[in-house]
Amino acid sequence: MKIFHVDMNSFFASCEQAENPAYLGKPLIVCGNPKERTGIVLAASYEAKAFGVKTAMLNHEALRLCPNAIFVPSRHRLYSQYSRKVMAILDDFTPIKEQASIDEAYLDMTGTERLFGDSRHAALLIQSRIHDELGLGCSVGISTNKLLAKMASDMKKPMGITELYEADVPEKLWPLPVRELFGVGKKTAEKLNSFGIMTIGDLAKADEKFLLDAFGEAMSKYLIDSSNGRGAERLEPDGTVENQSIGNENTYSHDLTNLEEINHELLFISDSVGYRLRREKKQARCVTVKIKYYDFKVVTRSRTLSAPFESTEEIYKTAAELFAANWNKKPVRLLGVTVSGFDEASQLSFFSDAATEKHIAVDSSIDKLREKFGFNSISRASLMDKTNKKL
């Protein structure tokens, strides 16, 4: 097996620099309004990181560390556009790709040597294409499983290429702090540290029964396997896994407090979810809304409808009602909409009302244009801003 993990470098900030070359080589911070003290840093260029600026830092803290920084508001639609372009390039190297997030993906490069040369040469080709065509940098981790490929891609940034195999684990992985092991969060690391387990090597040598008692069966097994460099070898290629749900969510760089703005965002998310639902030729019965408040408290609420649906209007209407019924009026930082409970899409029911037929007809027309010209080629009128430009 030969697994690559391609991780874009400071993705949001790099997209802004690619769009505006005047930002190149300068400390750039992607966030909300820098005048909002409660705003947070979503991404920082490497020039800003050199001053100690980090993701999730408050804006005013970042400004104190880097007084000459350029602050720009986040543009999630722009980053999604670049993400699709990156993933299209990666598809040219292998049909077996698993997108892990907006800015990273795993590639199964087994048997591609005749096409692209050895692993390092193939990684250079990937980096070159992404840089030359999009103006973005990426790091590539190479191994025989997903865990080590992911760990490898984090070792050299920006524009690094790192190979990491099980035989390298004692020398390259074990000396690292246990917090740097992929999948180990802050609280787990603190608990391990309290037991005297400070490094990944300490974890690899820890008593298995002790870990089982402390963390339970599933987590202890993961800790033992991952600290010894064992991870999944099989990728879940895009589009081949039978989804049990379809959903999107957005994190915002500023607090959402206005219901009109919140409903606008719910419609934008519902539009994307509805499009994906119809592309998979499915209908759903359940809508779930996810709300994360400024204090990081999360609420999810669901509603199951009596009849299956596929229209964006039905998804949005239900999502908006769920939100209105459960919002505690506190500032919102994340919104998500998910549909589930799938049926295979069927023809319109004999009992479908005129409004439903109209919504489905509108969706169908929009979907056809998006299939031909791309998702962002058309927007609903209610998603247009006051200057009549696409959001």
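Me: Where does methionine 159 sit?
Reply: This is a predicted model. In the model, methionine 159 has its place in the loop between helix 7 and strand 8.

Me: Which kind of peptide bond joins lysine 157 and proline 158?
Reply: Proline 158 lies in the loop between helix 7 (146-153) and strand 8 (161-163). Omega at its bond with lysine 157 is about 0°. The bond is cis.

Me: Parallel, perpendicular, antiparallel or oblique: how do helix 4 and helix 6 lie?
Reply: Helix 4 covers residues 76-91, and helix 6 covers residues 119-134. Their axes come within 10 Å and cross at roughly 140°. Angles over 145 degrees would count as roughly antiparallel, and 65 to 115 as roughly perpendicular. The two helices are therefore oblique.

Me: Is the crossing of helix 4 and helix 6 left-handed or right-handed, and how many charged residues does their contact have?
Reply: The crossing is right-handed. Helix 4 brings Tyr82, Lys85, Val86, Ile89 and Leu90, while helix 6 brings Ile126, Arg129, Ile130, Glu133 and Leu134. By class, seven are nonpolar and no residue is polar. The charged ones number three.

Me: How do helix 11 and helix 12 lie to each other?
Reply: Helix 11 spans residues 208-215, and helix 12 spans residues 217-227. Their axes are 7 Å apart, at an angle of about 135°. That angle makes helix 11, relative to helix 12, oblique.

Me: How many nonpolar residues are in the contact of helix 11 with helix 12?
Reply: From helix 11 come Glu208, Leu211, Leu212 and Phe215. They meet Glu217, Met219, Ser220, Leu223 and Ile224 of helix 12. One residue of this contact is polar and two are charged. The nonpolar ones number six.

Me: At what angle do helix 13 and helix 14 pack?
Reply: Helix 13 runs over residues 259-279, and helix 14 over residues 312-326. Their axes lie 8 Å apart, and the angle is about 140°.

Me: How many residues of each class make the contact of helix 13 with helix 14?
Reply: The crossing is right-handed. Helix 13 contributes residues including Leu259, Ile262, Asp271 and Arg278; helix 14 contributes Thr312, Ile315, Tyr316, Ala319, Ala320 and Phe323. By class, the contact has eleven nonpolar, four polar and two charged residues.

Me: How much space lies in the largest cavity?
Reply: A probe the size of a water molecule, rolled over the atoms, shows where empty space is left. Searching the whole structure turns up one cavity of 30 Å³ or more. The space in the largest cavity is about 40 Å³.

Terms used:
Residues are numbered from 1 along each chain as its sequence is written. This is a predicted model: local features need pLDDT of at least 70, side-chain atom pairs count only at pLDDT 80 or more; totals for chains, interfaces and linings use all residues. Side-chain values use heavy atoms; hydrogens and water are left out. Axes are lines fitted to C-alpha atoms, for helices over the stretch in contact, and angles run from 0 to 180 degrees between N-to-C directions. Helices (H or I, at least four residues) and strands (E, at least two) are DSSP runs, numbered from the N terminus. Angles under 35 degrees count as roughly parallel, over 145 as roughly antiparallel, 65 to 115 as roughly perpendicular and the rest as oblique. Contact means heavy atoms within 4.5 Å. Ala, Val, Leu, Ile, Met, Phe, Trp, Tyr, Cys and Pro count as nonpolar, Asp, Glu, Lys and Arg as charged, and the others, Gly among them, as polar. On a 1 Å grid over the protein atoms alone, a cavity is a set of points where a 1.4 Å probe fits but cannot get out, and a pocket is an open set with protein on both sides within 12 Å along at least five of seven lines; lining residues have an atom within 4 Å of a point. Grid points are joined across faces, edges and corners, and a volume is the space filled by probe spheres set on the points. A crossing is left-handed if the near helix is turned anticlockwise from the far one by less than a right angle, and right-handed if clockwise.
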